[in-house]
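Q: Could we go through this model together, so that I learn how to read its features one at a time?

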Amino acid sequence: MAVNINSIQFKHLLYDVNNKPAKTVKVQIQFYNVNLKKWLPLTDALILESGKLLHIVKIPYRISTSDQTIRVVREVIKSGGTPSFRIINAASQSGNPEVIATTFTAVIKDDVSLTIDFGESWLLDSKKYIAKADHVIIASQVPMFELMDSIRTIEEEKETAIAQVSGLNATITSLADERELLQTQLSTVQSDFQTNAQQLADLNINLQTVSANLASERTLRETLEVDKTNLETALATQREQMETMEVSTGDTLAIEMERDTAIAQVSGLNDAVATLSNEREMLQTQLSTVQNDVEIKEQEVAELSESLEAVRVNLTTERTLRETLQTEKNNLETVVATQREQIETMEVVNVGDNNFEILYNDLQQEVSNISIVRDDLEQQVADITVVKNNLELQVANISTQRDDLQVQVANVTTERDNLSQEKIAFQTSITQLQDAVQQEKALVTVKNTELLQKQTLVESLQRETETLQQELAEAQDFNVTDHPNKLTASKVYSSIVNDVVKADSELVNSKYKLANVSLNLKTTVEKGPDGTIFGLLDYESAKDVNSAAISDISIDIVPTDTASTTVDQKMPNILGLTETAVRKVLINNGLKLDAVYHPTNDDKLIEGQSFKQSPAPDATIVEGQEVIVIFAKPIN
């Protein structure tokens, strides 16, 4: 869509590596010419104040032929495209340009002003410049100092996490040892508790039996109390009857007998109730006793568990000591047996009884000395065994601690290697991300270039189409008349004037110019539906025309002093017309057509119908002015 932009405003904020506004930096704005395939300077060197760039480029209506860059920019904007701009370091002394910003957002305001906002960017450290084939990237739209702070924070958090993991590993090891010990103790207590649990189960069964008996007795007592109440009520009724009625002596005796019987029954019931009460008290006493027994048993079970644990520990110690003593005893018995065999197998010398007794006493003394030595050796062996056990325990503890330390060192080494690998992977991902961003930017630039080339090609094709349509319309208009040489007077005049203007433009570089041009035409004159019609005659066609019908037409063409003349008429309304009709109206008003076809899905418009024009209807027009007309075409 063509627009008439008369100014372009550029905005940008630049910060240094310390996130402070860059001061006294010289920059330059460049434009990419797709036809020349190169970046051209759009502005001179601009100095940033406090890192802020705010610059306006005016686009005049008439552009000098020497300023081709702004002309191409205007053509791109006029065709509905977006030019490619970038900001470079104007103070660079290197061969390749140092690029600061390439991406921007474009906003058109009121169809007359275009704002190009490059946003914010941060200068890179000189050691981190990104060198490309034909330029160097010295700034990034991502604040690198924040990224480095984030990396540093992550590394500190990882170190803290490693320390916490080391502490947790030590705690876990200690808890694991305690858990194994507790599991062993629990197994022992569970094994002892099962025996006592069976006793508790038996007591509970007895308690349930006593409770069931007590409930039965309570139900029976309640039944007897109800029967007693009924009997007492019946007895009271009979007493009332006896007091109120007059009866004979026999009847009185019978009633007394019944009363005595009832009294006996009541007495029996009272005895039964008393018995049941006693039994209930006894059962309650038994129940309390059983409950106390259960509590005592539970206490005994707890004490038994503690005692069992202590006995188990002592038993383990005694078993170890017994095994050690048994081993030492076996060794000493072996030594004694060996000595006894030596004594029995000694060769007896021919000596007297006294000598034999002396030898026997000496042997007995030697045996006693050997026993003392044996006892001393047993004590030493016991002491050495204790020391050995202590040393073995210390060695075991040292080995466990060494293994734990080795595991911790291995874990720390593994964590350090993992952290190093994660750091390298993170830095690699950052580099890949930066490369991907640059590749995406390069791809966008290539796509924009291709789009501009396609738009330029489309515009060229549209101009060629318009030229062909105009030639077709002229040919159709020319063939409408009855005679091939018959034209309307306006056609004759405009055709001659256009030929003169064309000839004059071809003589721009010549030392000669066209002055007054006079033509004397031999024509026939007649009245047509569109006004006066001239029939231009040549030698052959004049033979068949009556000489009285031939007229001499003189035309003088005088050049004007200025290239354009303001006329006192308004811009016609050409909305809703086809391109052919629009071109006719504009030619008749001395105007030029700039046709633009725009896809639309408006059901009220047909293909080829105009729906927007600039200048608007009734606006003041200038002869030779170019009129932009937008025609509808379907969306593919």
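Q: In which strand is Asn 89 found?
A: Keep in mind that we are reading a predicted model. Asn 89 is found in strand S6, which covers residues 85-89.

Q: Is Asn 89 buried or exposed?
A: The reading rests on relative accessible area, where buried means under 20%. Asn 89 has a relative accessible area of 17% and is therefore buried. Leaving aside neighbours within four places in sequence, Asn 89 is in contact with Lys 26, Glu 98, Ile 100 and Ile 138. A polar atom of the Asn 89 side chain also lies 3.2 Å from the backbone nitrogen of Ala 91.

Q: Which residue does Asn 89 in S6 stand opposite?
A: Strands of a sheet pair through backbone hydrogen bonds, in either a parallel or an antiparallel arrangement. Here Asn 89 in S6 stands opposite Val 27, and S2 and S6 pair in the antiparallel sense over 5 bridges. Val 27 also has a bridge partner in S4, namely Leu 46, and the antiparallel pairing of S2 with strand S4 (residues 46-47) comprises 2 bridges.

Q: How does strand S2 relate to strand S3, and what lies in the turn of their hairpin?
A: Strand S3 (residues 38-41) runs antiparallel to S2 and is joined to it by 4 bridges, with Phe 31 standing opposite Leu 40 in S3. The hairpin that S2 and S3 form has 4 residues between the strands, and Lys 37 in the turn has a positive phi of about 55°.

Q: How many of the residues of strand S2 are buried?
A: In strand S2 (residues 26-33), 7 of the 8 residues are buried, so the strand is largely enclosed by the rest of the structure.

Q: What would be a case of a strand residue that is partly exposed?
A: Ile 56, which is found in strand S5 (residues 52-58), counts as partly exposed because its relative accessibility is 45%. Beyond its neighbours within four places in sequence, Ile 56 is in contact with Ser 7, Ile 8 and Gln 9. Ile 56 and Ile 8 are 48 residues apart along the chain, while their C-alpha atoms are separated by 5.6 Å.

Q: In what order do the strands of the sheet containing S18, S19 and S21 lie?
A: The order is S18-S21-S19, in an open sheet of 3 strands with mixed pairing. Its edge strands, each of which pairs on one side only, are S18 (592-599) and S19 (610-614). Neighbouring strands of this sheet are turned by 25° against each other on average, direction ignored. S19 pairs with S21 (residues 626-633) in the antiparallel sense over 4 bridges, and Gln 613 has Val 629 in S21 as its bridge partner.

Q: Which helix packs on that sheet, and which of its residues are buried?
A: Helix H7 (residues 579-588) packs on the sheet and touches S18, S19 and S21, its direction making about 155° with that of S18. An α-helix has 3.6 residues a turn, so residues three or four places apart point the same way. In H7 the buried residues are Glu 579, Val 582, Arg 583 and Leu 586. Seen down the axis of H7, these buried residues fall within an arc of 100°, so they line one face of the helix. Just after H7, Gly 590 takes a positive phi of about 70°.

Q: How many helices and strands does the chain have?
A: The chain has 7 helices and 21 strands, and buried residues make up 24% of its 636 residues.

Terms used:
Residues numbered from 1 in each chain as written. Predicted model: local features only at pLDDT ≥ 70, side-chain atom pairs only at ≥ 80, totals over all residues. Heavy atoms only, no water. Pairing = 2+ DSSP bridges. Axes fitted to C-alpha atoms, helices over the stretch in contact; angles between N-to-C directions. Contact = heavy atoms within 4.5 Å. Buried < 20%, exposed > 50% of the residue type's maximum accessible area, 1.4 Å probe, protein only. Arc of directions from axis to C-beta. Polar contact = N/O pair within 3.5 Å; in protein donor to acceptor, adjacent residues only side chain to side chain.
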